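Please look over the model shown below.

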Amino acid sequence: DISSMGATPYCFNLSLGLPKKINKKWLIIFSRKILKLQKKYNFFLLGGDISQTKNVVISATFFGKVSKGKIIKRNGAKINDDIWVTGNLGNSFIGLMFRKKILKGNNTLKKNFVKKYLYPSPCMIGSKLRLLANSAIDISDGLYGDLEKLLHFKDLGANIDMESIPILLKLKKFIHLHRINVNKLLSAGDDYEILFTSNPKKGNLINALSKKNKIKITKIGTIINKKGIYID
């Protein structure tokens, strides 16, 4: 959420509800992991609360910072804007299907996709998109669902080129082998990539940004003046 608004992480509040069974070892492991994430994304713990509960409850509120007037909003998409997405889509959904034992595969494949589901790595390039993106959102509810949120503000639509949607080659092969509905995959969430729209004239700048930061950014379609999402 913070990245897709063009901001950088700043700090967070953390409230813990802990049952009696939680011991010192659990707290040490938990605290070390939190510290590792803080160092990785450069934010700090502002404060919070600890209370006793029946089950483990973890509630966090994150704060980001961005220059005044530089926020990337969700309602800025314009007709003829290019539609872009970072990273690859669908990995988390397949991981969930393995986790639920709905799908079966070799152990290495299963381990890799389950890891994508349990330990997502959010795309944090949003702050570098401030001068390039007209609108943006993080993909947490699926490509189709989150694209719809960008469109509904102005009753716009989107033409999507299915062949250009970034999906790992090994996942494409797995989808074909197991006859998985690609639309179902693109309706699933938890990818935590960034979906954004931009003026076509800025395409070269976006490609240069992608190359410089070694982050995959793919153009997948165009904003149109006709309500709905249309798949090529």
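What follows is a set of questions and answers on ring pairs, helix packing and backbone angles.

Q: What kind of model is this, and how are its residues numbered?
A: This is a predicted model, in which local features need pLDDT of at least 70 and side-chain atom pairs count only at pLDDT 80 or more, while totals for chains, interfaces and linings use all residues. Residues are numbered from 1 along each chain as its sequence is written, and side-chain values use heavy atoms, with hydrogens and water left out.

Q: Why is the pair of Phe43 and Phe62 called edge-to-face?
A: Rings of Phe, Tyr and Trp (its six-membered ring) pair if their centres lie within 6.5 Å, and planes under 30 degrees apart count as stacked, over 60 as edge-to-face and the rest as tilted. The structure holds 8 aromatic pairs. In the pair of Phe43 and Phe62 the centres are 5.7 Å apart and the planes stand at 70°, so the pair is edge-to-face. Phe43 is in the loop between helix H1 (24-41) and strand S2 (44-52), whereas Phe62 is in strand S3 (residues 57-65), 19 residues apart, and the pair thus links distant parts of the chain; helices (H or I, at least four residues) and strands (E, at least two) are DSSP runs, numbered from the N terminus. Ring pairs also link Phe12, Phe43 and Phe62 into a cluster.

Q: How do you know whether Phe43 is buried or exposed?
A: Buried means under 20% relative accessible area, exposed over 50% and partly exposed in between (1.4 Å probe, protein chains only). Phe43 has 12% relative accessibility and therefore counts as buried, whereas Phe62, with 46%, is partly exposed.

Q: What makes the pair of Phe98 and Phe113 stacked?
A: The planes of Phe98 and Phe113 are 25° apart, with 6.5 Å from centre to centre, and the pair is stacked. Phe98 lies in helix H2 (residues 91-99) and Phe113 in helix H3 (residues 107-118), so the pair ties together parts that are 15 residues apart in sequence. Both Phe98 and Phe113 are buried.

Q: How do you know that the charge of Lys170 sits over the ring of Phe113?
A: The rule asks that NZ of Lys or CZ of Arg is within 6 Å of the ring centre and within 35 degrees of the ring normal. The charged end of Lys170 is 5.7 Å from the centre of the Phe113 ring and sits over it.

Q: Why are H3 and H5 called roughly perpendicular?
A: Angles under 35 degrees count as roughly parallel, over 145 as roughly antiparallel, 65 to 115 as roughly perpendicular and the rest as oblique. H3 and helix H5 (residues 169-178) pack at an angle of about 110°, with their axes 12 Å apart, where axes are lines fitted to C-alpha atoms, for helices over the stretch in contact, and angles run from 0 to 180 degrees between N-to-C directions. H3 and H5 are therefore roughly perpendicular. Their contact (heavy atoms within 4.5 Å) is made by Leu109, Asn112 and Phe113 of H3 and Lys170, Leu171 and Phe174 of H5.

Q: What makes the phi of Asn42 worth a remark?
A: Most residues other than glycine have a negative phi. Asn42 has a positive phi of about 60° although it is not a glycine. Asn42 lies in the loop between H1 and S2 and, at 64% relative accessible area, is exposed.
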